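Please review the model shown below.

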Amino acid sequence: HVDLEVIQALYEGASQRMPTVEARPTRGTTQTDTAQMQREFLGLVQKAAEVGSSDIHIIVKRSGAQVRIRADGVMMKLQDMTASTALDLCQAAFAMADASDTTYMPMEYQGARVNESSLRGTALRFPSGVQAVRLQFNPLPAGGRYMVARLLYAQKAGSESDVDELGYAPNQIAQIKDMRRKPFGIVIISGPTGSGKSTTLQRGLTALMREKPGINVLTIEDPPEYVIEGAAQLPVTNAKTAEERSEKFRQAITASLRSDPDV
């Protein structure tokens, strides 16, 4: 078995030694092409969700592209595809997302988010259990692209859904529940990619609002990810630099403290 990237690199090397061979003309992207690429992207989301993956990685280089997924913290290869197909796939994914930037810029860092509202009016649907997909686009040398899609899963149904089922030890569960019930202080949750930080916060806040009906919960997120029913989720958007992001967070914090919050 030989990776597609290796095969295409061999063809590329051969074509450079035969300058009389003309390159194939490129075609314009139509709405039909975009719709097909969007269906293929959601097909990748389906495959990743079936094994409980947290992320999909699409790395596009000159000689080809590779799709990998992260499941249980481990990266594994899903499939190969041509560079042109992968670039079309990245652009199509951006086109179906809500983004602060209205224009797709292949040589820029961009972030976006695909949720149920951005799919309204189309025949496209998320696979069962997936609530949204957060996209991060990064430029690579020679016109390459690196897209990471974070899968955000819907909270399981059931009034008693809490942090108990996330894999914490019994003493950790008791500590988390004790900390979130305190009327003062700050709880910091940290960890590597895919370790469950956002899920812990979503479950914890949802359970807290269930335990204390009538409290006012505000979140400040860059950007909002999971839907947290009952909370006002304030976005941090249009921040291009670290300084701008810090200022946007400061503004959001000031606004939230003036909005009569309990949490």
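The points below are grouped by topic.

This is a predicted model, in which local features need pLDDT of at least 70 and side-chain atom pairs count only at pLDDT 80 or more, while totals for chains, interfaces and linings use all residues. Residues are numbered from 1 along each chain as its sequence is written, and side-chain values use heavy atoms, with hydrogens and water left out.

**Overall fold**
- The protein chain contains seven helices and eight strands (DSSP runs: H or I of at least four residues for helices, E of at least two for strands, numbered from the N terminus).
- Of its 263 residues, 35% are buried (under 20% relative accessible area, with a 1.4 Å probe and protein chains only).
- Among contacts (heavy atoms within 4.5 Å) between residues at least 6 apart in sequence, 51% join residues at least 24 apart.

**Helix H3**
- The 13 residues of H3 (residues 83-95) should span 18 Å at 1.5 Å a residue, and the end C-alpha atoms are 18 Å apart, which agrees; the expected span is 1.5 Å times one less than the number of residues.
- Buried residues of H3 are Ala83, Ala86, Leu89, Cys90, Ala92, Ala93 and Phe94.

**Largest pocket**
- A pocket is an open set of points on a 1 Å grid over the protein atoms alone, where a 1.4 Å probe fits, with protein on both sides within 12 Å along at least five of seven lines; lining residues have an atom within 4 Å of a point.
- The volume of the largest pocket is about 1600 Å³, counted as the space filled by probe spheres set on the points.
- Its lining has 41 residues, of which Ile186, Val187, Leu201, Leu205 and Val263 lie nearest the centre.
- H6 supplies the largest share of this lining, seven residues.

Terms used. Buried < 20%, exposed > 50% of the residue type's maximum accessible area, 1.4 Å probe, protein only.
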